[in-house]
Amino acid sequence: MALVRFLVKRFAGRGVDGEDLFQYGCMGLLKAIDRFDPNYSVQFSTYAVPVILGEIRRYLRDDGPIHVSRTIHDNARRVEQFCGEWRAAHCAEPTVGEVAEGLGMSREDVLLALNARNRVRSLNEPIGGDGNLRLMDVLGAEPMQDIDSRLTLAKMLRDLPDEERMLIVRRYFKSHTQTEIARDMGVSQVQVSRMESRIIKKMRKIAGQD
């Protein structure tokens, strides 16, 4: 339960009731308990975290209430009407400052009003061309840093020899154990462990240089 509370804090400040998120997080926890296999070579918390986060994000995506106040809606109508009249009179779009001055509003209220008419974006909306990064991945984070990291990692993986790339992908993206990989490669688990350590060290050195 403490783990659920901890994960819910990641979504603070998004206008959604924390107790609702906690309830959905608990549903994710129950799913994790039901599906977890003790034979997995990971701790339960490692398995449970993505399941809990997935349930919370599903709620935000499908059921989460997104409310815009009546004042902002009223301001949005006023701003839209003002902009239409301005375009007709000046054959150009007004600036935020001109709208604020014309309506006696603050620049912040004008921006809120303008954004109120934008479409609601799905948390699953892809960001970037490869589709591997979604909007939910960067909420509450610095997106460019995350994108840069993913691009750097993708480039390093492409530059690895096939055998080394396969090992890293299986270990860190498909959660395969060293024993499973060793069996498929026809080598010992110790050899796989040493190979993995060598590859990670090489990738860290390349990342440091970049």
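Is Arg 170 buried or exposed? Arg 170 is buried, since its relative accessible area is 13%; buried means under 20% relative accessible area, exposed over 50%, and partly exposed in between (1.4 Å probe, protein chains only).

1. First, the ground rules. This is a predicted model, where local features need pLDDT of at least 70 and side-chain atom pairs count only at pLDDT 80 or more, while totals for chains, interfaces and linings use all residues. Residues are numbered from 1 along each chain as its sequence is written, and side-chain values use heavy atoms, with hydrogens and water left out.

2. Now the overall layout. The protein chain has eleven helices and two strands; these are DSSP runs numbered from the N terminus (helices: H or I, at least four residues; strands: E, at least two).

3. A few whole-chain numbers. The protein chain has 210 residues, and 28% of them count as buried. Take the contacts (heavy atoms within 4.5 Å) between residues at least 6 apart in sequence: 47% of them join residues at least 24 apart.

4. Back to Arg 170. Its side chain meets that of Asp 184 in a salt bridge, at 2.8 Å from N to O; the term means a side-chain nitrogen of Lys or Arg within 4 Å of a carboxyl oxygen of Asp or Glu. This pair links distant parts of the chain, as Arg 170 is in helix α9 and Asp 184 in helix α10, 14 residues apart. Asp 184 counts as partly exposed because its relative accessible area is 48%.

5. Asp 184 has another partner. Its side chain also forms a salt bridge with Arg 183 (4.0 Å, N to O). Shared partners join Arg 170, Arg 183 and Asp 184 into one salt-bridge network. Arg 183 is exposed, because its relative accessibility is 57%. In the whole structure, a search finds eight salt bridges.

6. Another one to look at is Asp 162 with Arg 165, whose closest N and O atoms are 2.5 Å apart in a salt bridge. Both residues lie in helix α9, three residues apart, or about one turn of the helix. Asp 162 is exposed, because its relative accessibility is 58%, and Arg 165 is partly exposed, because its value is 25%.

7. Between α9 (162-172) and α10 (178-185) there's a loop, and Thr 177 sits in it. Thr 177 counts as buried because its relative accessibility is 18%. Leaving out residues up to four places away in sequence, Thr 177 touches Ser 41 and Arg 171.

8. Finally, the nonpolar cores, meaning sets of buried Ala, Val, Leu, Ile, Met, Phe, Trp, Tyr and Cys residues joined through side-chain atoms within 4.5 Å. The largest has 16 residues, and those with the most contacts inside it include Val 4, Leu 21 and Ile 56. Two or more residues come from each of α1 (2-8), α2 (18-35) and α3 (44-62), with α3 giving the most, seven residues. Ile 56 touches Val 8, Phe 11, Leu 21, Tyr 24 and Gly 25, not counting residues up to four places away in sequence. A second, separate core has twelve residues, among them Met 156, Ile 168, Ile 181 and Met 203.
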